[in-house]
Amino acid sequence: MIKTKKIKTPVTDDTISDLRAGDKVEITGILYTARDAAHKRLVQLIKEGKDLPFDINGQILYFVGPTPSKPGMPIGSAGPTTSGRMDPYSPYLIERGLKGMIGKGARSGGVIEAMIKHRCVYFAAIGGVAALLSKRIKKAEIIAFEDLGTEAIRVLEVEDFPVIVINDIYGGDLYKEGLKQYSSLNIHDIINCHPR
Amino acid sequence: MRRIHFNDIVEKVRDLCMEANYSLSKDVIAAYERALEIEKSPLGQEVLKQIMENARIADTEKMPLCQDTGLAVFFVEMGQDISIAGGLLNDAINEGVRQGYSKGYLRKSAVAEPVFERRNTSDNTPAIIHTELVSGDRLKIMLDIAGGGCENMAALKMLRPADGIEGVRQFVIDTVRNAGANPCPPVVVGVGIGGDFEKVAMIAKKALLRPVGQPHQRLEVASLEEDLLKRVNHLGIGPVGLGGLVTAFAVHVEIHPCHIASLPVAVNLGCHSSRHKSITI
């Protein structure tokens, strides 16, 4: 079994330095949600020299647009969206002190460079297990861009939210490492899982 | 002429949208079980178990399997001996989507136009509807929930006939490799070969509606599916892209006659949460 590291937000550089690609991590504390439309607005504010709607320093962004919450529930299903669409915006936020991002899928060279330079880690949550992940979210509140609906910025209070480190600050990349390990097999050893 | 009432279609589509987003069909669950037997990566195995647990929670609690409850894509087969009383077929389907996405607490992920304001339509309409007239007096409505993550990794190429089966193979493998972790593997790979530009895309998507792993009826196509699946799984992408032996549960190929000068090929990927349901009225 792979050991799990537990971290709390806001995150310090010490915490970030301890994380390596492939680590399983459980996060407790606050996550801020943002996806395409919110990122566009945040970066627009930075370019105009204006304040962001929350202090991003030491924080973790979760790329998610949840389903509507049923009565009595803090949130609906809430799994990660594809991070690549945030690539044009992420370096601006990383320069501002963002310490972590949670999404799914590979990041661009520019984002990885910014992460190494400014000490920020990229985590993946397991894509498509949104009902399961929502159980670790205890509270959710919209704090900015309410007009964006599912794309509004929410503060999430999470407990042991499960993620995996994809990119660490040392250049480690779990997607590349995982691929290398399992793409070097002999094709004749591959078993098809067709029901036959 | 058999009459089907507008409201009957609305109600059926409403329920179909909710069911498709909460509960996976048996063929998908069976594919998960087979994948777990084959997968060697410890992390991959763990991911597959979580995918199965997620399916259990969503089904029991009537929660969306994924936060991306998609655009609702319909393939409709309408018998020629049917008349719809009280309105148009497309209006009935869209009203069903409207009601299902609201009542079912599903995410509204449709924007009114693609490049100007991208304003959310707030009710997940319009649905994408493909209708085909067939013989008989039945109305078959097939729904595919198309999430953005995998839909964005789809690709189409007009090959030269000289590129042949090797060209097709290369294009399918390149498309899955390029998609990496984005489409939430293990995926179902829908492949269209033949037809023309729009037909090939349509059959690639329709291939995703087939029960997972059900081979094509034509032997040579079925063996192409087998061959492609082996090559796709040889990529090593694995469950959610963390490395492993199961990158795809299945490859479904559909073929169609085409022009003497053409060899169109399209690839449409379906995520592990393969949400498709159909009803016949």
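Trainee: Is B:Phe197 buried or exposed?

Mentor: This is a predicted model, and the way to read such a label is to look at the relative accessible area, where over 50% counts as exposed. B:Phe197 has a relative accessible area of 54%, so B:Phe197 is exposed. As for its place in the chain, B:Phe197 belongs to helix α7 of chain B, which covers residues 197-206.

Trainee: Turning to the interface, how many residues does the contact take from chain A and from chain B?

Mentor: Chain A gives 52 residues to the contact and chain B gives 56 residues, while the area buried between the two chains is about 4,500 Å², with 62% of that area coming from carbon and sulfur atoms.

Trainee: How many salt bridges and how many residue pairs in polar contact are found across this interface?

Mentor: The rule finds two salt bridges between chain A and chain B, and one salt bridge joins the side chains of A:Lys24 and B:Glu46 at 2.6 Å, N to O. For polar contacts, the rule finds 15 residue pairs across the interface, with both residues at pLDDT 80 or more.

Trainee: Which elements give two or more residues to the side of chain A that touches chain B?

Mentor: Those elements of chain A are α5 (130-134), β7 (153-167) and α6 (174-182), and the largest share of that side, five residues, comes from α6(A).

Technical notes. Residues numbered from 1 in each chain as written. Chains lettered and ligands numbered in written order. Predicted model: local features only at pLDDT ≥ 70, side-chain atom pairs only at ≥ 80, totals over all residues. Heavy atoms only, no water. Helix = DSSP H or I, 4+ residues; strand = E, 2+ residues; numbered from the N terminus. Buried < 20%, exposed > 50% of the residue type's maximum accessible area, 1.4 Å probe, protein only. Contact = heavy atoms within 4.5 Å. Buried area = accessible area lost by both parts, 1.4 Å probe. Salt bridge = Lys/Arg side-chain N within 4 Å of Asp/Glu carboxyl O. Polar contact = N/O pair within 3.5 Å; in protein donor to acceptor, adjacent residues only side chain to side chain.
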